[in-house]
Amino acid sequence: MSEEALYRWVLWIFLAVAAVTFPALFFITAPYGRHAGESRLPTIDATLGWVVMESPSCLVPLWLWITGAHRGDPARIALLLLWELHYVHRAYIFPFRRRGGERRMPVSVALSAFAFTSVNSYLNGRWLFGFAPDGAYGPSWLADPRFLLGAAFFLVGFAINQQADRILFDLRKPGEVGYKIPRGGLYRFVSCPNYLGEIIEWTGFAIASWSLPGLAFALWTVANLLPRAVSHHRWYRERFAEYPAERKALIPYLL
Ligand code: NDP
């Protein structure tokens, strides 16, 4: 089987697994962070876990760019830059900004996330620098409304995600481990603006790249983060009697 045929199979399987994962995550919450519980699963240092599991997202597309086709096309490079803006931060800055003492995470969570980020970054990187049709991202793509709208969405989502995560980090002094009610920014409206920002980002990337792998990643992000936002929201309400009643889980005024 050619690599391109295999690529198509992997992409459809990736989409099918997202469709199964989405409803499942309303019943099973990934056991890390506040939902880690008292599991007896083997664990690793959470900072190391984040670096390991997010590194493929940063490194694989770079490798595919260096070794792939069309590596000088400005529009493809612009899409790669958006991607790397997010993932250099997520893999190598975000893990070291987290506070909460020496937290650990199950090895199984880190491994499954590593598998996910490896496949996802292969699908998107190989599309951009390999299997996208030759004329798909010519210089005029940079002025195409889909690229402009998608890139704007991406940058707005990135800013929302950054602001929300910064508010969370500031809730703890160094070494402190507990949870508090986050306030300010979009926390006025929802419990998980960091997840909302992430979903806007990857929806923007799907629009800007106008591609099936981009869409698959956006759907996966919703499948992962919508159920987790609902779990976080329920968790806050159960723990804090004074939790703002008007706050929704993920989408202001709606959900
Ligand atoms: P969380 O919101 O659960 O936690 C983010 C950080 O803030 C953690 O260090 C957490 O500590 C801390 N924190 C959270 N709430 C509080 C609080 N009330 N009081 C004090 N500290 C708090 O996010 P995740 O860890 O699930 O995700 C981190 C990032 O990764 C997000 O930006 C998310 O969008 C992204 N992500 C993307 C996915 C995708 O599919 N694209 C999937 C998963 C995450 P602790 O660890 O101790 O709970």
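Colleague: Buried or exposed, which one is Cys58?
Modeller: Cys58 is buried, because its relative accessible area is 3%, where buried stands for under 20%, exposed for over 50% and partly exposed for the range in between, with a 1.4 Å probe and protein chains only. This is a predicted model, in which local features need pLDDT of at least 70 and side-chain atom pairs count only at pLDDT 80 or more, while totals for chains, interfaces and linings use all residues. Residues are numbered from 1 along each chain as its sequence is written, and side-chain values use heavy atoms, with hydrogens and water left out.

Colleague: And what about Cys192, buried or exposed?
Modeller: Cys192 counts as buried too, because its relative accessibility is 1%.

Colleague: How many disulfides turn up in the whole structure?
Modeller: The search finds zero, taking a disulfide as a pair of cysteine sulfur atoms within 2.5 Å.

Colleague: Switching to aromatics, how many pairs does the structure hold?
Modeller: There are 25 aromatic pairs, with rings of Phe, Tyr and Trp (its six-membered ring) counted when their centres lie within 6.5 Å, and with planes under 30 degrees apart called stacked, over 60 edge-to-face and the rest tilted. One of them is Phe22 with Phe26, an edge-to-face pair at 5.3 Å centre to centre with 70 degrees between the planes. Phe22 is partly exposed at 29% relative accessible area, and Phe26 is partly exposed at 36%.

Colleague: What geometry do Trp83 and Trp202 have as a pair?
Modeller: Trp83 and Trp202 are edge-to-face, at 5.1 Å centre to centre and 65 degrees between the planes. That pair links distant parts of the chain, since Trp83 is in helix α3 (residues 74–92) and Trp202 is in helix α7 (residues 193–209), 119 residues apart. Helices here are DSSP runs of H or I with at least four residues, and strands are E runs with at least two, numbered from the N terminus.

Colleague: Are those two buried or exposed, and which residues form the aromatic cluster?
Modeller: Both Trp83 and Trp202 are buried. They belong to one aromatic cluster whose members also include Phe14, Tyr87, Phe116, Phe154, Phe205, Phe217 and Trp220.

Colleague: Which ring does the charged end of Arg126 sit over?
Modeller: The charged end of Arg126 sits over the ring of Phe131, 4.6 Å from the ring centre, a contact that requires NZ of Lys or CZ of Arg within 6 Å of the ring centre and within 35 degrees of the ring normal. Elsewhere, Arg172 lies over the face of Tyr179, at 4.7 Å from the ring centre.

Colleague: Now the backbone: what is phi at His70 and at Tyr253?
Modeller: Phi of His70 is near 60 degrees and phi of Tyr253 is near 70 degrees, both positive values in residues other than glycine. Most residues other than glycine have a negative phi.

Colleague: Where does each of them sit, His70 and Tyr253?
Modeller: His70 is in the loop between α2 (46–67) and α3 and counts as partly exposed, because its relative accessibility is 24%. Tyr253 is in the segment after α8 (212–239) and counts as exposed, because its relative accessibility is 67%.

Colleague: Last one, how far apart are Leu148 and Ile207?
Modeller: Leu148 and Ile207 are 59 residues apart in sequence and 9.0 Å apart in space, C-alpha to C-alpha. Leu148 lies in helix α6 (residues 145–170) and counts as partly exposed, at 46% relative accessibility.
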